[in-house]
Amino acid sequence: MIRSVLALQARPGAARAVEELYRDRRIIERSLRFPGCRSSALLRSVDDSPASHLVVAEWDDADAYARWVADPWRAAVSAELAELLEAPPGSPVVARLYEPVPLTPEEQ
C-alpha cells in the first residue's frame, strides 16, 4: 500500500475555484471508483501553509496510482486544475508517493 500526497497552491483568489472544480467534476468520487484506490480526500489548509490544499489518497501500489495519472479523464481535469494553480505553465499535477513505516512488531 502507498499514499499519494498532492500539494496544491491555488492562485490568489482561486482557492474556492479549486474546491468547486473538485466538487463539480466529482474528482474524489471518480478516484474512489478507480481500480486500486482505497481512499481519497481533498483537504483545505487552515493555517499559513504554503499549500492551499492537499489531496491525500491511499492506493494498492505505485502502479495503481500511475494508471490513475495516465487516465485520459484525469489528464483532462488536471489541465483544468493547473490553470487555477501557482505553478509554471505545463507543470504536471502529480503527487509524491509515500509508504507507511512499520513501527510496531505487528506491522513488521
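**A predicted fold and its aromatic cluster**

The protein contains 4 helices and 4 strands. The model described here is a predicted one. Followed along the sequence, these elements come in the pattern β-α-α-β-β-α-α-β. The radius of gyration is 15 Å, close to the 13 Å that the globule rule gives for 108 residues, so the protein is as compact as a globular protein of that length.

The overall dimensions complete this first view. Along its principal axes, the C-alpha trace spans about 45 × 35 × 25 Å. Of the 108 residues, 33% are buried. The accessible surface comes to about 7,000 Å², and carbon and sulfur atoms account for 54% of that surface.

Attention may now turn to the aromatic residues. The count of aromatic pairs in the protein comes to 4. In one of them, the rings of Phe 34 and Trp 68 have centres 5.2 Å apart and planes at 70 degrees; angles over 60 degrees count as edge-to-face, so this pair is edge-to-face. The pair links distant parts of the chain, its two members being 34 residues apart. Phe 34 lies in the loop between helix H2 (27-33) and strand E2 (37-44), whereas Trp 68 belongs to helix H3. Both residues of the pair, Phe 34 and Trp 68, are buried.

Trp 68 also forms an aromatic pair with Trp 73. Here the centres are 6.2 Å apart and the planes stand at 45 degrees, an arrangement described as tilted. How does the burial of the two tryptophans compare with the cut-off of 20%? Trp 68 has a relative accessible area of 6%, which is under 20%, and therefore counts as buried. Ring pairs join Trp 68 and Trp 73 with Phe 34, Trp 59 and Tyr 65 into a cluster.

Tyr 65, a member of this cluster, is located in helix H3, which covers residues 62-70. Its relative accessibility is 5%, so Tyr 65 counts as buried. Which residues does Tyr 65 touch, when those up to four places away in sequence are not counted? They are Ile 2, Ser 4, Trp 59, Arg 74, Val 94, Ala 95 and Leu 97. As for a residue elsewhere in the sequence, Ala 41 is 24 residues from Tyr 65, and the C-alpha atoms of the two are 15 Å apart in space.

Arg 74, one of the residues touched by Tyr 65, is placed in helix H4, residues 72-82. Is this arginine buried or exposed? At 8% relative accessibility, Arg 74 counts as buried, because the value is under 20%. Apart from neighbours within four places in sequence, Arg 74 is in contact with Tyr 65, Trp 68, Val 69, Val 93 and Val 94. Two of these contacts, Tyr 65 and Trp 68, are also members of the aromatic cluster. Arg 74 and Arg 30 are 44 residues apart along the chain, and their C-alpha atoms are separated by 9.2 Å.

Notes. Residues numbered from 1 in each chain as written. Predicted model: local features only at pLDDT ≥ 70, side-chain atom pairs only at ≥ 80, totals over all residues. Heavy atoms only, no water. Rg over C-alpha atoms; globule rule 2.2 N^0.38 Å. Buried < 20%, exposed > 50% of the residue type's maximum accessible area, 1.4 Å probe, protein only. Areas by Shrake-Rupley, 256 points an atom, 1.4 Å probe, with all protein chains shown as cover. Contact = heavy atoms within 4.5 Å. Phe/Tyr/Trp six-rings, centres within 6.5 Å; stacked < 30°, edge-to-face > 60°.
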